[in-house]
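Hi there,

Here is the structure I promised to pass on to you. Please open it beside this email, so that you can look up each residue as you read.

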Amino acid sequence: MSLFQRIKDHFNKKNQNAYFEGFKKTNDKFGSGLLKLLSSNKNIDESFYKDLMQVLIESDVGLETSQFLLNQLKKVVKQKNIDNTEQVIEELGQLILDNIHNYDVIIEDRLTVILMVGVNGSGKTTSTAKLAHYYKNQGKNVMVVAADTFRAAAVKQLQTWSERVGVPCFAGTENQDPASVVVDACREAIKANVDILIIDTAGRLQTKVNLMQELQKVHRVIEKIIGYPAQNSFLVLDASTGQNALSQASAFLDSSKINAIICTKMDGTAKGGVIIALGHSLKIPVAFVGLGEGIDDLKEFDKDAYLASITQGLS
Ligand SMILES: Nc1nc2c(ncn2[C@@H]2O[C@H](COP(=O)(O)OP(=O)(O)OP(=O)(O)O)[C@@H](O)[C@H]2O)c(=O)[nH]1
Ligand SMILES: [Mg+2]
């Protein structure tokens, strides 16, 4: 059985439609691009590899990662004496799987903290609400924290979402230092026997040193109050920014502790290949993907499901 058939068969049926719909635009570029390539290039020659490179670039896999994949691919083709283009594309699929990473969210029996960080508008607040919904549905006692105290509207936004989801929202007072809101929230979470505390922070540019230091302070106070570090720190990236998301991730990883990525707005972009660039260039796992604006549209990242979704026509 082919690799593509195997991963489709393994697909968690519950999420299949959501994944297929969410990655439709990327599939229209990537999967359809590969199909077109298979139907027009029958020989494994330079022109085949050139067209393959173009498909990778157009799906925002990025130059560095695309070149890496092609070089590896050429080696494998030679080693295994591969002589048909279908098998080459299978090997490409395997290379992609080898270079992207799932993430197991760390949920402990004691208070578990999830910290959401990222640049303005990447989807932190909506993803916080979606995560709260996700864990509430699993029977967890969830609380969200509005640590974005610079804008009253930001607090209101999370409060509205939390009412809809049915979880408590802890908010500080306007212009209160975010770290001090987090201190109060952690104390409250311990008192209320919360299982999962999800902290939404203000959008920050990766280049603003003081804001990055503020994040480090938030990490310090969490550890001080609860007695151990936040188990999960997620960088929220807007997939439609493509290669820019990659440079954001690189800067955040340099100055802040990040365990995994949440890649949002997959449904609105053909740039879903950026997940491959993140996996290869930064070796960072993806925890969740945002596949739409609805409360259910945040799904756990699964690399087999991802590959199946961006190669829907291949079998
Ligand atoms: N289509 C789509 N839209 C999304 C997704 N995730 C977030 N959005 C939208 O992106 C916009 C910004 O989302 P927010 O959650 O407010 O972003 P934020 O990172 O909290 O923004 P700041 O607090 O301003 O830094 C909203 O209109 C969301 O509905 C997604 O997966 N798909
Ligand atoms: Mg926000």
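Below is what I found in it, starting from the inside and ending with a few single residues.

Please keep in mind that this is a predicted model.

**The cores**

The largest nonpolar core has 84 residues. Within this core, the residues with the most contacts are Leu 52, Leu 197, Ile 222, Ile 275 and Val 289. Helix 9 (residues 178–191) supplies the largest share of the core, with 7 residues.

Setting aside residues up to four places away in sequence, Ile 275 touches Phe 23, Ile 100, Cys 263, Met 266, Val 286, Val 289, Phe 301 and Tyr 306. There is also a second, separate core of 23 residues, and among its members are Ala 132, Val 236, Ala 260 and Ala 287.

**Two pairs of helices**

Two packed helices are described by the angle between their axes and the distance between the axes.

Take helix 7 (residues 124–137) and helix 8 (residues 152–165) to start with. Their axes come within 10 Å and cross at roughly 20°. Angles under 35 degrees count as roughly parallel, so helix 7 is roughly parallel to helix 8. The crossing of helix 7 past helix 8 is right-handed. On the helix 7 side, the contact is made by Thr 125, Thr 126, Thr 128, Ala 129, Ala 132, His 133 and Lys 136, while helix 8 contributes Gln 157, Leu 158, Trp 161 and Val 165. Sorted by class, this contact of helix 7 with helix 8 has 5 nonpolar, 5 polar and 1 charged residues.

Now turn to helix 1 (residues 3–10) and helix 6 (residues 85–99). The axes of helix 1 and helix 6 come within 9 Å and cross at roughly 50°, and the two helices are therefore oblique to each other. Leu 3, Phe 4, Arg 6 and Ile 7 of helix 1 meet Ile 89, Glu 90, Gly 93, Gln 94 and Leu 97 of helix 6. The contact of helix 1 with helix 6 divides into 5 nonpolar, 2 polar and 2 charged residues.

**Two buried residues**

Phe 288 sits in strand 7 (residues 286–290). Phe 288 counts as buried because its relative accessibility is 0%. Cys 263 is 25 residues away from Phe 288 in sequence, yet their C-alpha atoms are 6.5 Å apart in space. Apart from neighbours within four places in sequence, the contacts of Phe 288 include Val 105, Leu 131, Tyr 134, Phe 234, Cys 263 and Leu 298.

Ser 309 belongs to helix 13 (residues 303–310). Ser 309 is buried too, with a relative accessible area of 0%. Beyond its neighbours within four places in sequence, Ser 309 is in contact with Phe 11, Tyr 19, Phe 20, Phe 23 and Asn 27.

Most residues other than glycine have a negative phi. Asp 60 has a positive phi of about 65° although it is not a glycine, and so does Asn 175, again at about 65°. Asp 60 lies in the loop between helix 4 (46–58) and helix 5 (63–79), whereas Asn 175 is in the loop between strand 3 (169–171) and helix 9.

Is each of them buried or exposed? Asp 60, at 13% relative accessibility, counts as buried, while Asn 175, at 55%, counts as exposed.

Happy exploring!

Definitions and conventions:
Residues are numbered from 1 along each chain as its sequence is written. Chains are lettered from A and ligands numbered from 1 in the order in which they are written. This is a predicted model: local features need pLDDT of at least 70, side-chain atom pairs count only at pLDDT 80 or more; totals for chains, interfaces and linings use all residues. Side-chain values use heavy atoms; hydrogens and water are left out. A nonpolar core is a set of buried Ala, Val, Leu, Ile, Met, Phe, Trp, Tyr and Cys residues joined through side-chain atoms within 4.5 Å. Buried means under 20% relative accessible area, exposed over 50%, partly exposed in between (1.4 Å probe, protein chains only). Helices (H or I, at least four residues) and strands (E, at least two) are DSSP runs, numbered from the N terminus. Contact means heavy atoms within 4.5 Å. Axes are lines fitted to C-alpha atoms, for helices over the stretch in contact, and angles run from 0 to 180 degrees between N-to-C directions. Angles under 35 degrees count as roughly parallel, over 145 as roughly antiparallel, 65 to 115 as roughly perpendicular and the rest as oblique. A crossing is left-handed if the near helix is turned anticlockwise from the far one by less than a right angle, and right-handed if clockwise. Ala, Val, Leu, Ile, Met, Phe, Trp, Tyr, Cys and Pro count as nonpolar, Asp, Glu, Lys and Arg as charged, and the others, Gly among them, as polar.
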